[in-house]
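Here are my notes on the structure below. Please read them with the model open beside you.

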Amino acid sequence: MSQTEQQDPQKKSDNFFNKNPLITFALFSIVIIVLFKLFMGDEGQLATQTNAVSKTQVVSYAELKQLIATKRIEKVEIGQTYIRAIGSGSNSKIMYTTRRIFGEDTNLTTLLDSQKIDYKGFDETNWFVEMFGWLFPFLLIIAIWMFFASRMQKSMGGGILGMGSSKKLVNSERPKTKFEDVAGVQEAKEEVLEIVDFLKSPGRYVELGAKIPKGVLLVGSPGTGKTLLAKAVAGEAEVPFFSVSGSSFIEMFVGVGAARVRDLFEQAKKDAPSIIFIDEIDAIGKSRAAGGPMGGNDEREQTLNQLLAEMDGFGTNTPVIILAATNRPEILDPALLRPGRFDRQVLVDKPDFQGRIEILNVHIKEVKNDTDTDLEEIARMTAGLAGADLANIINEAALLAGRKSQKTVRQADLREAVERAIAGLSKKGRRIDEKEKRIVAYHESGHALLAETTKGAKKVSKVSIVPRGLAALGYTLNTPEENKYLMQRHELIAEVDVLLAGRAAEEVFIGEISTGAANDLERSTDILKAMVQVYGMSDVAGLMVLEKQRSSFLGGGMAQAKEYSEKMAENMDSFIKATLQERYTDVKIRLEAYRDAIERMVELLYAKENITGDQVRDIIEAYETENGMETRLSPKKSL
Ligand code: ADP
Ligand code: ZN
């Protein structure tokens with residue numbers, strides 16, 4: 001942690017007040033308040049002028065006249081609004097004050113003259129008060145400005161306004177993370193292994209003249225362990241780890257990001273061998289062409305240029321390695337990926353079945369678990385989830401166990417945690433009304449039946465009508481096959497059929513449709529659209545691709561400009577609509593054929609709220625044997 005202090009001699013000359021604008025602000029306010037107290041009050045003013053006075057007494061005008069008439073006054077001063085008088089003799093320490101009565105002055109002066117008492121006028125307005133009246137707004141503005149400047153400095157790491165910048169710019173740590181903490185990404189680990197070796201003994205490589213990559217781009221979906229892997233590289237090599245997020249460079253002021261990049265590299269080079277980790281590098285590294293119609297972002301461009309300059313600036317033998325993470329490498333500025341910069345990409349992929357078991361094994365060590373917990377079952381249930389999700393599931397299971405006052409985490413807790421992770425939090429507290437429950441039961445049974453009776457569809461692992469999260473009133477979980485990268489045409493159509501079956505079941509068995517199928521319809525439409533536009537699986541476009549494939553990294557790509565004719569668009573729309581209608585009609589027929597099986601499923605769902613895939617299969621198989629039916633219908637050849 002000690003490497004973070006900056007030792008720039010030029011900046012040491014900054015004085016205390018510049019370094020601590022907040023304290024300055026506080027002192028400033030106190031001084032102002034004290035001055036006001038001192039000079040604004042009447043008593044204060046009088047006390048400075050007549051130090052003999054120890055007491056002030058407010059009297060009425062008549063009383064004052066009486067005092068004058070009886071010679072108990074020595075001296076009188078008449079201001080614009082009040083009169084003050086110093087007592088004489090034994091009363092000399094008292095000051096009497098009263099408000100003036102206009103028109104009475106001549107009477108009073110006559111009286112004073114007759115008593116031979118000294119009197120004069122005085123100016124009530126105080127130059128100090130006047131001055132403050134003018135100055136105060138300015139002082140306030142300066143104080144506020146100083147306050148914000150100090151805040152800004154904090155958030156930007158200094159440099160602005162010529163004020164001190166001895167703040168910590170980036171966090172540097174010496175992580176304890178080791179490769180064994182990163183599971184399920186064996187290939188990625190192997191790829192960064194040589195970096196560790198280089199950082200441990202750079203001299204050996206330099207002597208050989210070997211060129212070590214300066215920048216390595218870790219590519220993968222969120223939560224796959226990119227940060228973890230970068231830390232593990234630092235941990236294994238036992239070097240300092242400077243970590244920043246790309247988005248933190250983009251601040252309010254142009255030039256600040258670039259300054260921060262400079263500082264970051266300065267520190268890292270000083271502490272070399274070291275690692276710089278830039279999370280979300282796309283925030284600064286976005287392609288300049290992708291700046292949108294508004295043109296580029298100056299701040300980002302400056303920061304990016306600075307980063308490129310820094311990377312080019314030090315030779316390959318300086319043992320500083322820059323690791324950067326992104327899940328959208330395709331939007332990065334090509335300049336970043338040129339040789340000598342981030343010229344190496346390491347894929348940190350979502351884990352497969354075996355990988356998930358390994359990751360679960362890493363994280364289960366953090367909790368106390370039953371000896372008979374079966375992580376393979378959990379891994380099987382969590383296809384498609386990333387390492388961070390799996391870590392969360394273990395933690396969630398431990399929380400569940402804690403809530404139930406158990407001593408250990410049981411398999412049931414893990415299962416429940418998985419379900420929560422997949423379908424959002426269970427809303428046990430919410431009462432579903434009976435009508436809704438009936439609709440959901442038919443809807444989900446429809447999905448389940450089609451999933452089990454359609455060739456190429458994914459098998460059902462669970463059907464539930466317990467509402468989860470905000471969106472899903474019920475859900476049907478499918479178990480996708482492991483390591484499946486290709487989808488055949490009939491499998492895509494099977495998926496459409498399964499999706500449409502929810503809505504179809506509502507129509508067939510309840511006689512009225514509901515809003516509950518919105519998401520299903522959206523997804524089935526998307527599949528058909530992709531078949532036309534991307535996969536070349538329709539007569540509409542034939543083999544012609546209407547939309548370039550986005551990168552395989554999720555969420556990638558920007559909106560694509562349309563590259564086909566209006567006529568093509570119309571044909572595509574009518575194709576999608578007609579196909580959906582055709583599949584929907586077919587699905588309804590098949591649901592009708594299984595009417596009784598659906599009713600049994602609904603009955604069981606109603607009773608238990610959750611049923612397993614095996615229970616679904618039992619019901620269907622029993623129904624099929626009773627009716628002498630052939631299992632596994634295949635969808636009609638229609639497209
Ligand atoms: P990313 O940087 O890719 O978004 P992180 O490295 O921040 O993901 O992962 C967040 C957390 O999830 C990690 O701290 C770790 O607990 C867990 N995790 C993610 N991937 C893995 C993995 N491959 N092995 C073990 N734990 C992982
Ligand atoms: Zn549905």
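What share of the contacts in the protein with a separation of 6 or more comes from residues 24 or more positions apart? The points below begin with that.

1. Such residues account for 74% of those contacts, a contact being heavy atoms within 4.5 Å. This is a predicted model, in which local features need pLDDT of at least 70 and side-chain atom pairs count only at pLDDT 80 or more, while totals for chains, interfaces and linings use all residues. Residues are numbered from 1 along each chain as its sequence is written, chains are lettered from A and ligands numbered from 1 in the order in which they are written, and side-chain values use heavy atoms, with hydrogens and water left out.

2. The protein has 24 helices and 14 strands. These are DSSP runs numbered from the N terminus: helices are H or I with at least four residues, strands E with at least two. Of its 639 residues, 44% count as buried, that is, under 20% relative accessible area with a 1.4 Å probe, protein chains only.

3. Three residues coordinate the zinc ion (ligand 2): His443 (NE2), His447 (NE2) and Asp520 (OD), at 2.0 to 2.1 Å. Donors are N, O and S atoms within 2.8 Å of the metal (3.2 Å for Na, K and Ca); water is not among the atoms, so sites may look incomplete. The spacing of the donor residues in sequence is H-x3-H-x72-D.

4. Why are His443 and His447 separated by about one helical turn? Because they are 4 residues apart in helix 19 (residues 434–453). An α-helix has 3.6 residues a turn, so residues three or four places apart point the same way. Both His443 and His447 are buried.

5. Asp520 is one of the buried residues of helix 21, which also include Ser524, Ile527 and Leu528. The buried residues of this helix pack against helix 19, helix 20 and helix 22. Helix 21 has 16 residues and spans 22 Å from its first C-alpha to its last, close to the 22 Å expected at 1.5 Å a residue; the expected span is 1.5 Å times one less than the number of residues.

6. The largest nonpolar core has 51 residues, of which Leu449, Leu591 and Met601 touch the most other members. A nonpolar core is a set of buried Ala, Val, Leu, Ile, Met, Phe, Trp, Tyr and Cys residues joined through side-chain atoms within 4.5 Å. Helix 20 gives the largest share of this core, 12 residues. Apart from this core lies another, of 28 residues, among them Ala230 and Val233.

Technical notes: Buried means under 20% relative accessible area, exposed over 50%, partly exposed in between (1.4 Å probe, protein chains only).
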